[in-house]
Amino acid sequence: MTAESAPGTRSQAQVLERPQTTRRWCTVVHDDPVNTMSYVTWVFRSYFGFSKAVARARMLEVHTRGRAVVSRGARERMEVDVAAMHSYGLRATLEPLGADGEPGSDPAGAGA
C-alpha cells in the first residue's frame, strides 16, 4: 500500500492545491499618561521613518482616540515593531487585520 492510497492521507498534489492565505497583522500603539506627544512623534519618525506630518497625525490619533495603527504586515515583522515600541517605552499590541484591512473587524477569524 502506498502513501497515496492509504486511508486518511493526502497526496503531495492535494496539499499543494490548497489556497495559501497569509493572515496580515498590525502594530497598534496605545495612549498612555507618561509619554509626551513630541516624544511619540519623534519615535514614529525615528523608527518608522514617517514624515513629520504623518508622525504627527498618528500621534494625534493615539492621543484623541486612544490608539493608532502604525504598521501592517506579516506577524513576525509586526512582533518586531511591537517589541521596538516597547523598547521606546510605548504601549503597543499586535492585532490581526480583518478582511477590510482594519484591526478587530474580523472577530471570528473568517480570513484565517
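**Close-ups of a predicted model**

**View 1. The overall fold.** Four helices and three strands make up the secondary structure of the protein, in what is a predicted model. Walk along the sequence and you get the pattern α-β-α-α-β-α-β. Of the 112 residues in the protein, 31% are buried. Take the contacts between residues at least 6 apart in sequence, and 68% of them join residues at least 24 apart.

**View 2. Inside the largest nonpolar core.** This core has 16 residues, and the members that touch the most others are Val 29, Phe 44, Phe 48, Phe 50, Val 70, Met 85 and Leu 90. At least two core residues come from each of helix H2 (37–48), helix H3 (52–65), strand S2 (67–73) and helix H4 (75–87).

**View 3. Zooming in on Phe 48.** Leaving aside residues up to four places away in sequence, Phe 48 touches Val 43, Val 70, Ser 71, Asp 81 and Met 85. Val 70 and Met 85 also turn up, along with Phe 48 itself, among the core members that touch the most others.

**View 4. Where H2 meets H3.** The axes of H2 and H3 sit 8 Å apart, and the two helices pack at an angle of about 130°. That angle makes H2 oblique to H3. Their crossing is right-handed. On the H2 side, the contact uses Met 37, Val 40, Thr 41, Phe 44 and Arg 45, while H3 brings Lys 52, Ala 55, Arg 56, Arg 58, Met 59, Val 62 and His 63. Sorted by type, the residues of this contact come out as six nonpolar, two polar and four charged.

Notes:
Residues are numbered from 1 along each chain as its sequence is written. This is a predicted model: local features need pLDDT of at least 70, side-chain atom pairs count only at pLDDT 80 or more; totals for chains, interfaces and linings use all residues. Side-chain values use heavy atoms; hydrogens and water are left out. A nonpolar core is a set of buried Ala, Val, Leu, Ile, Met, Phe, Trp, Tyr and Cys residues joined through side-chain atoms within 4.5 Å. Buried means under 20% relative accessible area, exposed over 50%, partly exposed in between (1.4 Å probe, protein chains only). Contact means heavy atoms within 4.5 Å. Axes are lines fitted to C-alpha atoms, for helices over the stretch in contact, and angles run from 0 to 180 degrees between N-to-C directions. Angles under 35 degrees count as roughly parallel, over 145 as roughly antiparallel, 65 to 115 as roughly perpendicular and the rest as oblique. A crossing is left-handed if the near helix is turned anticlockwise from the far one by less than a right angle, and right-handed if clockwise. Ala, Val, Leu, Ile, Met, Phe, Trp, Tyr, Cys and Pro count as nonpolar, Asp, Glu, Lys and Arg as charged, and the others, Gly among them, as polar.
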